[in-house]
Amino acid sequence: MPRRYINTISDVFTGGVSVYMRRTTDFGKKIKILLVDDNFDHLLGIRELINLETNFEVIATATNANIAINLVKKYQPDVVLMDVNMPEKDGLTATSEIERLGLGTKVIALTGYDDPDLIFRAMKIGAKGYILKTMASSQLIFAIEEVMQGKIYLPSGLSSRFFEYFQKTFKDELNNTQASENLLQYLTQREEEVLELLTQGVTYKGVAQQLFISETTVKTHVNNIFQKLQVNDRTQAVLYAINNGFMNRKKLKIAI
C-alpha cells in the first residue's frame, strides 16, 4: 500500500499531500537526525514529516547554531538538516564547526535560496547535500538516504548550475595563479645553474662536479632555492620550474 507524504516541505503547514512510492532502505537501525532551523513552525513541520519514516528518528531540534553544535556533541547524530540562514551564527559556520568535531556527522544544507555560490561554499566546508525548502518532501527523504550511503546529494535542477559555477570559479583561480608573481626571478645566477641541472635529473654529487663546487655548497644552494620558490623538496622545485617557464627563460638567455 502506498505511503503518504507531505507534497513539499512548506506544505506541512497547508495540508497538501501527495502519494509517493519508494524502496525502503534497511540500515539495521534508525538514522538519528538533528533538525536546525530558526523558524520554529518550519522546524515542527520538518519533524512531523520525518517522523512519518520508520527508519528515521529526530533525536533533537535547535533554533540556533550554538545550541545545534552542543547537541551534536551530546547526541552525535548521523545527519544534521542545517538551515543556512540564521541570525548570530549562520548555518555555514555551524557546518564548518561540526566538521571539525570529526564525529562523522553528515550535514545537509537546507535553504530557500538556489544560489550556486551558496551551494559551492556549503560543499567546500563539508556539507554532504543541499536542498531547497520548497522542494518535494520526497526529495528530502531521498537526500538523507543518499548521504547516509556516502553520496553527495544535489537535486538535478541545482547540480548543473553548481558545476557551471564550480568550473568558472576554478578557471578564475587558475588564471589568478598564473598571473601571480613568478618566484624564479629571485634566484641568483648560481641557483639557476643548480636548478637547471636538477631539472635534468643530475644528482647533488653530479651538480657539484659539473659546477666545480662542493656537495655541501650544492645543498646550501638547493635549500635557498626551496625557500625562494616556497617548496619543500626537489620534486616540487623541478615541477615549479617547468610549470613556470624556467627552461624557456634559460633558452632565451642563451640566445641573447
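The model is predicted: local features need pLDDT of at least 70, side-chain atom pairs count only at pLDDT 80 or more, and totals for chains, interfaces and linings use all residues. Residues are numbered from 1 along each chain as its sequence is written, and side-chain values use heavy atoms, without hydrogens and water.

**The sheet**

Helices (H or I, at least four residues) and strands (E, at least two) are DSSP runs, numbered from the N terminus. Two strands pair if DSSP finds at least two bridges between them. An open sheet of 5 strands runs in the order β4-β3-β5-β6-β7, with parallel pairing. β4 and β7 are the edge strands; each has a single partner strand, so one side of each has no neighbour in the sheet. On average, neighbouring strands are turned by 25° against each other, direction ignored. Axes here are lines fitted to C-alpha atoms, for helices over the stretch in contact, and angles run from 0 to 180 degrees between N-to-C directions.

| Strand pair | Sense | Bridges |
|---|---|---|
| β3 and β4 | parallel | 6 bridges |
| β5 and β6 | parallel | 5 bridges |
| β6 and β7 | parallel | 4 bridges |

Individual bridge partners can be named. V36 has A62 in β4 as its partner. M82 has A109 in β6. T111 has L132 in β7.

Helices link the strands. β5, helix α3 (residues 91-101) and β6 form a right-handed β-α-β unit. The crossover from β6 through α4 to β7 is also β-α-β and right-handed. Right-handed means that, with the strands pointing away from the viewer, the path from the first strand over the helix to the second runs clockwise.

**What is buried**

Buried means under 20% relative accessible area, exposed over 50%, and partly exposed in between (1.4 Å probe, protein chains only). In β6, 5 of the 6 residues are buried, so this strand is largely enclosed by the rest of the structure.

A nonpolar core is a set of buried Ala, Val, Leu, Ile, Met, Phe, Trp, Tyr and Cys residues joined through side-chain atoms within 4.5 Å. The largest one has 32 residues, and I33, I50, L81, Y130 and I144 have the most contacts inside it. Elements that each supply at least two of its residues include β3 (31-36), α1 (40-50), β5 (79-83) and α5 (137-148). The largest share, 5 residues, comes from α5. Contact means heavy atoms within 4.5 Å. Not counting residues up to four places away in sequence, I50 touches I33, L35, F56, V58, L81 and I144. Apart from this core lies another, of 22 residues, among them V194, L229, V231 and A241.

**Selected residues**

V79 sits in strand β5. V79 is buried, at 0% relative accessibility. Beyond four places in sequence, its contacts include I31, I33, I108, I144 and M148. V79 and V107 are 28 residues apart in sequence, yet 5.7 Å apart in space, C-alpha to C-alpha.

H42 belongs to helix α1. H42 is buried too, with a relative accessible area of 8%. Its side chain makes a polar contact with the side chain of D37 (2.9 Å). A polar contact is a pair of N or O atoms within 3.5 Å; within protein, one must be able to donate a hydrogen and the other to accept it, and residues adjacent in sequence count only if both atoms are side-chain atoms.
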